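Thanks for coming. I have one structure to go through today, and I will keep it brief. Please look at the screen first.

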Amino acid sequence: MGIRRPRRRVLSIVNTKTGNASYTAIIQRIREGDDRAVGDLILAFQDMAVGLAYGWTGNIETAREIAQEAFLDIHLNLHQLRDPVAFPAWFRHVVVKHCDRVTRRRQVAARWLGEDPPADGPEAIASAGKQ
């Protein structure tokens with residue numbers, strides 16, 4: 001017998017925790033003011049959001065934070081979604097937008113923090129350390 005690999009999990013639009021309701025029905029319930037439907041939507045899409053964000057960042061805690069921010073963003077802007085059938089693609093776009101923002105912030109933080117960058121590159125850094 002060879003190495004047994006775990007099965008890949010496939011995102012199911014209908015999560016067993018939310019019952020048999022489709023995401024379009026959940027979105028309709030949210031628009032009608034059902035506060036519990038927001039939780040159902042989160043349960044249905046949290047694995048997708050965290051998985052996508054983890055693929056971008058490589059850090060599970062950062063991925064969870066990004067997913068949380070994305071859910072807040074869609075909750076505040078759900079009125080802008082014209083067609084509930086387009087929700088998965090729209091939500092994926094929102095998650096990617098937040099991932100991009102976080103990775104850009106990391107790139108800015110990695111820039112030179114000294115007074116002036118060395119003029120001669122690595123050689124100047126080495127000689128500056130010897131002084």
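This is a predicted model: local features need pLDDT of at least 70, side-chain atom pairs count only at pLDDT 80 or more; totals for chains, interfaces and linings use all residues.

**Helix α1 against helix α2**

Helices α1 and α2 cross in a left-handed sense. The contact draws on Y23, I26, I27, R29 and I30 from α1. On the α2 side, the residues are R36, A37, V38, D40, L41 and F45. Sorted by class, eight of the residues in this contact are nonpolar, three are charged, and none is polar.

Now the geometry. Two packed helices are described by the angle between their axes and the distance between those axes. Here, α1 covers residues 23–31 and α2 covers residues 36–57. Their axes come within 8 Å and cross at roughly 150°. Angles over 145 degrees count as roughly antiparallel, so α1 is roughly antiparallel to α2.

Next, the chain as a whole. Read from the N terminus, the order of elements is α-α-α-α-α.

On burial, the protein chain has 131 residues, and 29% of them are buried. The accessible surface of the protein chain is about 9,900 Å². Carbon and sulfur atoms account for 53% of that surface.

Last, the contacts along the sequence. Take the contacts in the protein chain with a separation of 6 or more: 60% of them join residues 24 or more positions apart.

To go back to the helix pair: a left-handed crossing, at roughly 150°, with eight nonpolar and three charged residues in the contact. That is what I have.

Terms used: Residues are numbered from 1 along each chain as its sequence is written. Side-chain values use heavy atoms; hydrogens and water are left out. Helices (H or I, at least four residues) and strands (E, at least two) are DSSP runs, numbered from the N terminus. Buried means under 20% relative accessible area, exposed over 50%, partly exposed in between (1.4 Å probe, protein chains only). Contact means heavy atoms within 4.5 Å. Accessible areas come from the Shrake-Rupley method with a 1.4 Å probe; for residues, only the protein chains shown count as cover. Axes are lines fitted to C-alpha atoms, for helices over the stretch in contact, and angles run from 0 to 180 degrees between N-to-C directions. Angles under 35 degrees count as roughly parallel, over 145 as roughly antiparallel, 65 to 115 as roughly perpendicular and the rest as oblique. A crossing is left-handed if the near helix is turned anticlockwise from the far one by less than a right angle, and right-handed if clockwise. Ala, Val, Leu, Ile, Met, Phe, Trp, Tyr, Cys and Pro count as nonpolar, Asp, Glu, Lys and Arg as charged, and the others, Gly among them, as polar.
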